[in-house]
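Dear colleague,

My notes on it follow, and I would be grateful if you read them with the model open.

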Amino acid sequence: MKKMIALALLVVAVGAGAGIYSISNDEPEYIQSAKARVGSYLTSDYGRVACNSTKIDDQRWQLGCTNQARGKTFEFAVYPSEKAPYGVSRSFYLEAINDDAKQSAEQGLMRYLQINTKAG
């Protein structure tokens with residue numbers, strides 16, 4: 001019985017800590033998802049990348065990922081999926097901003113993200 005109470009308290013404490021973290025982080029879930037997915041996919045195709053997001057306004061964020069070894073920078077505009085001009089299967093929609101991002105849109109796993117390369 002004591003083990004059950006201790007486990008329950010641990011679950012509550014971890015949950016509360018996670019809640020505090022998500023409240024203090026002003027990135028919406030779809031940005032966190034885009035950053036993780038794009039970073040992972042670019043890393044599999046180009047080698048390790050570092051990604052950072054920047055809030056442009058309430059409707060748009062920008063995601064920039066850099067691979068220093070190859071000297072590539074991938075810049076994307078990120079929107080929630082409901083803002084996409086076509087159906088997307090994720091919580092986010094991406095538009096390629098620069099040439100590296102446009103080229104990456106057709107490579108490896110990145111092509112599954114349905115990146116708009118005609119915008120920007």
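**Asn67 and its surroundings**

Leaving aside residues up to four places away in sequence, Asn67 touches Tyr46, Gly47, Arg48, Val49, Lys72 and Phe74, where contact means heavy atoms within 4.5 Å. This is a predicted model, in which local features need pLDDT of at least 70 and side-chain atom pairs count only at pLDDT 80 or more, while totals for chains, interfaces and linings use all residues. Residues are numbered from 1 along each chain as its sequence is written, and side-chain values use heavy atoms, with hydrogens and water left out.

Asn67 belongs to strand E2; helices (H or I, at least four residues) and strands (E, at least two) are DSSP runs, numbered from the N terminus. With a relative accessible area of 2%, Asn67 is buried. The terms here are buried for under 20% relative accessible area, exposed for over 50%, and partly exposed in between (1.4 Å probe, protein chains only). The side chain of Asn67 reaches the backbone oxygen of Gly47 at 3.4 Å.

Four strands form an open sheet in the order E1-E2-E3-E4, with antiparallel pairing; two strands pair if DSSP finds at least two bridges between them. E1 and E4 are the edge strands, each pairing on one side only. From one strand to the next, the twist averages 30°. H2 packs on this sheet and touches E1, E2, E3 and E4, and its direction makes about 150° with that of E3. For such angles, axes are lines fitted to C-alpha atoms, for helices over the stretch in contact, and the values run from 0 to 180 degrees between N-to-C directions.

Strand E1 (residues 50-57) and strand E2 (residues 60-67) are antiparallel and share seven bridges. A hairpin of two residues joins E1 to E2. Ala50 has Thr66 in E2 as its bridge partner, and Thr54 has Gln62.

**Helix H2 and the cores**

H2 has 18 residues and spans 25 Å from its first C-alpha to its last, close to the 26 Å expected at 1.5 Å a residue; the expected span is 1.5 Å times one less than the number of residues. Its buried residues are Tyr30, Ile31, Ala34, Val38, Gly39, Tyr41, Leu42 and Tyr46. The cover over the buried residues of H2 includes E1, E2, E3, E4 and H3.

Which residues have the most contacts inside the largest nonpolar core? They are Val38, Leu42, Phe76 and Val78, in a core of 23 residues. A nonpolar core is a set of buried Ala, Val, Leu, Ile, Met, Phe, Trp, Tyr and Cys residues joined through side-chain atoms within 4.5 Å. H2, E2, strand E3 (72-80) and strand E4 (92-96) each give two or more residues to this core, and H2 supplies the largest share, seven residues. Another core, of five residues, lies apart from it and includes Ala77, Ala84, Val88 and Tyr93.

Gln32 is found in helix H2 (residues 29-46) and is partly exposed, at a relative accessible area of 32%. Its C-alpha atom is separated by 9.6 Å from that of Phe92, 60 residues apart along the chain. Gln114 lies in the segment after helix H3 (99-104). Although Gln114 is not a glycine, it has a positive phi of about 55°. Gln114 counts as partly exposed because its relative accessibility is 29%.

Yours sincerely

Methods
A polar contact is a pair of N or O atoms within 3.5 Å; within protein, one must be able to donate a hydrogen and the other to accept it, and residues adjacent in sequence count only if both atoms are side-chain atoms.
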